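This briefing is for a reader who has not seen this structure before. Please look over the sequence and the model, then read the notes below.

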Amino acid sequence: GVEETLGALGYCPEFLSLEGFDTGLPDRWLRHGSVSNLNCVTGWYRSILEGIIGLEFDTGGITVVPLSLPLGKLRFSGLKERGTTFDIAIDNGGPHLQLIRLDGAQLAGCLKIPVTVYDGKRHTIEILYGDRSVPGLCFTELVNAEVLSVSLERVYVEATVDGFGLCDIAFQCPKGARFSIDGQVKKYEWDEQKKRGRFQHRLGGKHTLRIKI
């Protein structure tokens with residue numbers, strides 16, 4: 001999309017020559033916009049991905065961010081991330097996230113795409129919204145960490161991650177659930193309205209995160 005935009009503009013502002021001023025030919029600048037044009041293109045693209053599709057990006061990969069939008073069914077094809085291509089289908093049938101399917105299999109216990117998916121091939125992500133709330137244990141944010149694997153049982157969810165430094169960790173759970181890192185119980189901030197816990201911690205390398213009720 002950026003290449004097509006630049007092709008339509010016919011120039012790249014960041015590399016536009018200053019020759020027009022030097023040679024006394026200011027008309028050369030009549031077609032010149034702001035030097036931020038290229039950044040605006042990428043900014044609008046990222047806004048579409050985050051604000052309409054519901055995807056966030058960090059060094060650990062893609063996270064699905066639940067949205068409540070009256071937009072019906074949407075399709076977004078050809079998203080490139082880490083050399084891998086994603087085709088995304090969204091069914092906005094209500095205000096609550098019902099399920100996420102990755103290549104037809106339900107993605108449960110974590111809203112971040114596991115790092116094993118970034119294999120240079122083509123994958124599908126289906127996001128379904130509905131009228132009923134689906135409570136359950138789930139890691140909703142794992143910023144600055146890759147998800148290696150997720151294990152989900154009735155009373156706990158466990159994620160093995162590879163951390164890259166200071167990580168923001170958020171999870172959906174009942175009040176009073178126990179959160180631990182590598183078996184060590186941690187105190188976390190609790191948001192009663194969202195029924196969500198939040199914890200910030202520096203993680204380097206492989207660690208196991210667990211929420212248990």
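How many bridges join strand S4 to strand S7, and do the two run parallel or antiparallel? Eight bridges join S4, residues 84-92, to S7, residues 122-130, and the two strands run parallel. The model is a predicted one.

**The open sheet**
- S4 and S7 belong to an open sheet of five strands, ordered S3-S4-S7-S5-S6, in which the pairing is mixed.
- Strands S3 (72-81) and S6 (105-106) stand at the edges with a single partner strand each, so one side of each has no neighbour in the sheet.
- Within the pairing of S4 and S7, Ile-90 stands opposite Ile-127 of S7.
- In general, strands of a sheet pair through backbone hydrogen bonds, and the pairing is either parallel or antiparallel.

**The chain as a whole**
- The secondary structure of the protein chain consists of three helices and 13 strands.
- Of the contacts in the chain with a separation of 6 or more, 61% are between residues 24 or more positions apart.
- The protein chain has 213 residues, and 37% of them are buried.
- Its accessible surface is about 12,300 Å², with 53% of that belonging to carbon and sulfur atoms.

**Cysteines**
- Cys-167 has 1% relative accessibility and therefore counts as buried, the cut-off being under 20%.
- Cys-173 also counts as buried, because its relative accessibility is 5%.
- With a disulfide taken as a pair of cysteine sulfur atoms within 2.5 Å, the count of disulfides is zero.

Note on methods
Residues numbered from 1 in each chain as written. Predicted model: local features only at pLDDT ≥ 70, side-chain atom pairs only at ≥ 80, totals over all residues. Heavy atoms only, no water. Buried < 20%, exposed > 50% of the residue type's maximum accessible area, 1.4 Å probe, protein only. Helix = DSSP H or I, 4+ residues; strand = E, 2+ residues; numbered from the N terminus. Contact = heavy atoms within 4.5 Å. Areas by Shrake-Rupley, 256 points an atom, 1.4 Å probe, with all protein chains shown as cover. Pairing = 2+ DSSP bridges.
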